[in-house]
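User: Can you walk me through this model? I'd like the working terms spelled out as we go.

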Amino acid sequence: MIDDDKWLEDPIKSFRDIQKEFQRQFQSIWQPLQSFPVDMIETDKEVIIRADLPGFKKQDLQVEATEKRILIHAKRKEERTERGKYFYRKERKSGEIRRVLDLPTEVKPEKSKLEFKDGVLEIKLPKKEISKKKKFRLL
């Protein structure tokens, strides 16, 4: 609530305060659409993906992969209740984030290995073996 006296003293500051609050509220609306950082490493034998997912549990995660693409999806719903002698507070948080990554080479998704530890998801995808094709001289 804006104090009428302060509004008259510095209307520009009051507008800035309103603008900051509006931006804060607007960002919280779109928070579920935010992404998360990912590292992708390609070695001779595999593609390794490390995704930072702090605050999520293993059961909150879903990973789907094809030979050329991987989807990482995390969804959580948290409810917390606090009671005191003179207060009662109940908070609910929910959020959903996802990333679809194009892989640098074809992989064997059925042989992938996943590990989730300390908020970091590590996915190891073995590369698909590409058969060496014979060269044909056309001219």
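Analyst: Grid points are joined across faces, edges and corners, and a volume is the space filled by probe spheres set on the points. Keep in mind that this is a predicted model, where local features need pLDDT of at least 70, side-chain atom pairs count only at pLDDT 80 or more, and totals for chains, interfaces and linings use all residues. Residues are numbered from 1 along each chain as its sequence is written, and side-chain values use heavy atoms, with hydrogens and water left out.

User: What volume does the largest cavity have?

Analyst: Searching the whole structure turns up one cavity of 30 Å³ or more. Its volume comes out at about 40 Å³.

User: Which strands each supply at least two residues of that lining?

Analyst: The lining is made of E78, E79, R80, E91, R92 and K93. By class it holds no nonpolar, no polar and six charged residues (charged being Asp, Glu, Lys and Arg). Strands here are DSSP runs of E, at least two residues long, numbered from the N terminus. The ones supplying at least two residues each are β4 (69-83) and β5 (88-102).

User: Is H73 buried or exposed?

Analyst: H73 sits in β4, and its side chain makes a polar contact with the side chain of E96 at 2.7 Å. A polar contact is a pair of N or O atoms within 3.5 Å, where within protein one must be able to donate a hydrogen and the other to accept it, and residues adjacent in sequence count only if both atoms are side-chain atoms. The cut-offs are under 20% relative accessible area for buried, over 50% for exposed and partly exposed in between, with a 1.4 Å probe and protein chains only. Since its relative accessibility is 11%, H73 is buried.

User: Which residue's backbone oxygen lies 2.6 Å from a polar atom of the R99 side chain?

Analyst: R99 is in β5 and, at 27% relative accessibility, counts as partly exposed. Leaving out residues up to four places away in sequence, R99 touches (heavy atoms within 4.5 Å) S35, F36, P37, V38, I70, L71 and I72. The backbone oxygen in question belongs to F36.

User: What is the bridge partner of K113 in β7?

Analyst: β6 (residues 113-117) and β7 (residues 120-126) pair in the antiparallel sense over five bridges, pairing needing at least two DSSP bridges. They form a hairpin with two residues between them. The partner of K113 is K124.

Terms used. On a 1 Å grid over the protein atoms alone, a cavity is a set of points where a 1.4 Å probe fits but cannot get out, and a pocket is an open set with protein on both sides within 12 Å along at least five of seven lines; lining residues have an atom within 4 Å of a point. Helices (H or I, at least four residues) and strands (E, at least two) are DSSP runs, numbered from the N terminus.
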